[in-house]
Amino acid sequence: MAGHSVRLFAAVQLPEDAAETLVRWGRAAVSEAGLGGGGARARVLAREALHLTLCFLGSRSVEELDALAGAVEDCGEGAIGELVVGAPVWLPPRRPRALAVEIHDPLGTLAELQARVRDALASVSGWEPPRGRFRAHVTVIRARDAGGAAGVALPATPRLSFVPSRTALLRSQLEPAGARYETVASAPLGAAGYSPPGSQ
């Protein structure tokens, strides 16, 4: 299979109940904000497609797969704290094609995990991490052209927090109906305690 390439990214996988809550919010956003019509042609992603990307690797040679998978699995050790859903955000800002929700990282453990995964992937492959700050988010809606919808009022995001249980290396296969994701490798994550402000 020399010369073949695959489209890869490393991500944190969401618990099923958290993903289902975000899917319901996405459906409400499409309905209440009228995103399903016109040029936007918005589409709510399936529950199993929701994830929090840590590193997007793009097209990589299949010869790197084993090393990349091992790097992600090795990063599964260590605890990750509770993550909190924030405000909706259109991405990318200039020509938006997706509606996501910000993810807040009160303990900073998600940022630590992202740095570990980033460095591990770079050390075993020819991938060069992009410059810029890591911005944690979960994409809920894809749209063909959301430029005109970026200013519409959206329903409030759910008051939702969750602790992700696994990190994974995923393969993205582009199809007419949208991207399909296949898990190449995954590893369990530990949990770190977190008490919201005022809960003491």
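1. Helices and strands are here DSSP runs, numbered from the N terminus. The model under review is a predicted one.

2. Several elements contribute at least two residues each to the lining of the largest pocket: strand 1, strand 3 (51-61), helix 3 (109-123), strand 7 (137-142), strand 9 (166-175) and strand 10. Strand 3 gives the most, with five residues. By class, the lining of the largest pocket holds 20 nonpolar, eight polar and ten charged residues.

3. The second largest pocket has a volume of about 190 Å³. Among the residues that line the second largest pocket are Gln13, Glu16, Arg47, His51, Leu170, Tyr181 and Thr183. Helix 1 (16-32) and strand 10 each supply at least two residues of this lining. The lining of the second largest pocket divides into six nonpolar, three polar and three charged residues.

4. The count of aromatic pairs comes to one. The pair is formed by phenylalanine 9 and tyrosine 181 in an edge-to-face arrangement, at 5.4 Å centre to centre and with 85° between the planes. Because phenylalanine 9 belongs to strand 1 (residues 5-13) and tyrosine 181 to strand 10 (residues 178-188), the pair ties together parts that are 172 residues apart in sequence.

5. The two partners may also be described by accessibility. Phenylalanine 9 is buried, at a relative accessible area of 4%, whereas tyrosine 181 is partly exposed, at 24%. Tyrosine 181 is also one of the residues lining the second largest pocket.

Technical notes
Residues are numbered from 1 along each chain as its sequence is written. This is a predicted model: local features need pLDDT of at least 70, side-chain atom pairs count only at pLDDT 80 or more; totals for chains, interfaces and linings use all residues. Side-chain values use heavy atoms; hydrogens and water are left out. Rings of Phe, Tyr and Trp (its six-membered ring) pair if their centres lie within 6.5 Å; planes under 30 degrees apart count as stacked, over 60 as edge-to-face and the rest as tilted. Helices (H or I, at least four residues) and strands (E, at least two) are DSSP runs, numbered from the N terminus. Buried means under 20% relative accessible area, exposed over 50%, partly exposed in between (1.4 Å probe, protein chains only). Ala, Val, Leu, Ile, Met, Phe, Trp, Tyr, Cys and Pro count as nonpolar, Asp, Glu, Lys and Arg as charged, and the others, Gly among them, as polar. On a 1 Å grid over the protein atoms alone, a cavity is a set of points where a 1.4 Å probe fits but cannot get out, and a pocket is an open set with protein on both sides within 12 Å along at least five of seven lines; lining residues have an atom within 4 Å of a point. Grid points are joined across faces, edges and corners, and a volume is the space filled by probe spheres set on the points.
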